[in-house]
Amino acid sequence: MRIGVLTGGGDCPGLNAVIRAVVRKGIKAHGWEIVGFRNGWQGPIENLTKSIDLTDVEEILTRGGTILGSSRTNPYKVEGGVDRIRETIAANQIDAIIAIGGEDTLGVAKRLTDDGIGVVGVPKTIDNDLGATDYTFGFDTAVHIATEAIDRLRTTAESHHRALVVEVMGRHAGWIALHSGLAGGANVILVPERPFNVDKVVEHVERRFESEFAPIIVVAEGAIPEGGAEVLHSGERDAFGHVRLGGVGQWLAEEIADRTGKESRAAVLGHIQRGGTPTAYDRVLATRFGLHAVDAVAAGDFGTMVALRGTEIVRVKLSEATAELKTVPTERYEEAEVFFGA
């Protein structure tokens with residue numbers, strides 16, 4: 001068999017670990033040939049291929065990003081995109097595709113399966129917002145990076161007696177904000193699932209200053225004030241209809257400064273959360289996902305995604321994986337509120 005593999009959407013630590021596992025098991029256990037498609041779904045559309053053997057994956061376990069490249073290409077938005085994928089598959093004698101990605105990449109995988117192309121999905125997103133799996137790889141690393149940044153920012157906030165707003169990623173789901181905020185001892189955590197009251201935030205900030213400590217506010221990029229809207233970096237939309245968010249941290253820092261008279265600063269972590277070497281947890285999870293994706297292909301179980309349930313790797317239908325986003329439940333957010341303003 002000849003198996004294609006691609007990485008789509010935003011990059012994150014652990015992608016190379018999946019590729020390594022697919023190549024190792026595919027070649028050593030089954031004698032397959034592995035063909036890498038470059039730059040996400042752009043690869044099979046434009047026949048951008050790269051043969052991958054054991055030597056190519058020898059030293060990639062600890063590397064961030066992806067050796068195959070990525071993009072936010074949507075074949076269903078490209079004229080003749082699906083037909084061109086069929087042509088590429090036929091020309092390269094590809095028997096199946098392992099698609100590593102998040103909601104958008106796996107949404108395409110589901111539609112291609114419906115159109116008769118054999119695809120197995122692997123869940124990847126630092127946002128941890130795919131509903132069919134307990135965790136996605138990349139999330140643990142992003143939380144570690146954000147937590148370390150909060151720890152570092154706290155020392156300068158205390159030194160200068162200023163409020164510090166830390167903006168982390170999270171378009172519709174606030175998992176990174178919640179976990180890094182709890183781990184970093186934030187005094188306020190703001191997530192997209194719960195519109196925030198600016199007056200309440202200011203109250204928490206002032207109470208923290210009254211105790212002679214500097215407040216740390218962690219805010220997800222998709223968080224919105226009550227009666228307000230998302231803060232957009234630009235109004236342009238990508239191939240999946242997403243606008244680029246960013247700026248709520250700076251906006252909130254200015255509001256805090258205006259209302260309290262205290263010095264306030266914003267730090268936007270942005271793509272720093274995506275980069276660098278994966279944590280041990282993400283390396284193991286990504287590796288296990290890759291191994292089980294090969295098993296799914298060997299079984300001919302297409303239209304499925306490998307998922308973590310408890311400590312076991314299981315297969316779920318791609319339709320289930322992309323049915324709805326996994327957002328922060330109200331009770332999980334309320335757990336953290338005891339620390340607000342304290």
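## Contact between helix 5 and helix 6

Contact here means heavy atoms within 4.5 Å. This is a predicted model. In helix 5, the residues Phe139, Ala142, Val143, Ala146, Thr147 and Ile150 meet Trp175, Ile176, His179, Ser180, Gly181 and Ala183 of helix 6. Sorted by class, the contact of helix 5 with helix 6 comprises eight nonpolar and four polar residues, with no charged residues.

Two packed helices are described by the angle between their axes and the distance between the axes. Helix 5 covers residues 139-160 and helix 6 covers residues 175-183; they pack at an angle of about 45 degrees, and their axes are 9 Å apart. Helix 5 is therefore oblique to helix 6. The crossing of helix 5 past helix 6 is right-handed.

An open sheet is built from seven strands in the order 3-2-1-4-5-12-13, with mixed pairing. The edges are taken by strand 3 (49-52) and strand 13 (312-317); each has a single partner strand, so one side of each lacks a neighbour in the sheet. From one strand to the next, the twist averages 30 degrees.

Strands of a sheet pair through backbone hydrogen bonds, either parallel or antiparallel. Strand 1 (residues 2-7) pairs with strand 4 in the parallel sense over five bridges, and valine 5 has isoleucine 98 of strand 4 as its bridge partner. Strand 4 also pairs with strand 5 in the parallel sense, over five bridges. There, isoleucine 98 is partnered by valine 120 of strand 5. Strand 5 (residues 119-123) runs parallel to strand 12 (residues 304-309), and two bridges join them. Valine 120 has threonine 304 of strand 12 as a bridge partner.

## Burial of strand 4

Strand 4 spans residues 96-101, and six of its six residues are buried, so the strand is largely enclosed by the rest of the structure. In a regular strand the side chains alternate between the two faces of the sheet. Both faces of strand 4 are covered: Ala96, Ile98 and Ile100 are buried on one side, and Ile97, Ala99 and Gly101 are buried on the other.

## Threonine 133

Threonine 133 sits in the loop between strand 5 and helix 5. Its relative accessible area is 1%, so threonine 133 counts as buried, the cut-off being under 20%. Leaving aside residues up to four places away in sequence, threonine 133 touches Pro123, Phe289, Met305, Ala307, Leu308 and Lys326.

Note on methods. Residues are numbered from 1 along each chain as its sequence is written. This is a predicted model: local features need pLDDT of at least 70, side-chain atom pairs count only at pLDDT 80 or more; totals for chains, interfaces and linings use all residues. Side-chain values use heavy atoms; hydrogens and water are left out. Two strands pair if DSSP finds at least two bridges between them. Helices (H or I, at least four residues) and strands (E, at least two) are DSSP runs, numbered from the N terminus. Axes are lines fitted to C-alpha atoms, for helices over the stretch in contact, and angles run from 0 to 180 degrees between N-to-C directions. Angles under 35 degrees count as roughly parallel, over 145 as roughly antiparallel, 65 to 115 as roughly perpendicular and the rest as oblique. A crossing is left-handed if the near helix is turned anticlockwise from the far one by less than a right angle, and right-handed if clockwise. Ala, Val, Leu, Ile, Met, Phe, Trp, Tyr, Cys and Pro count as nonpolar, Asp, Glu, Lys and Arg as charged, and the others, Gly among them, as polar. Buried means under 20% relative accessible area, exposed over 50%, partly exposed in between (1.4 Å probe, protein chains only).
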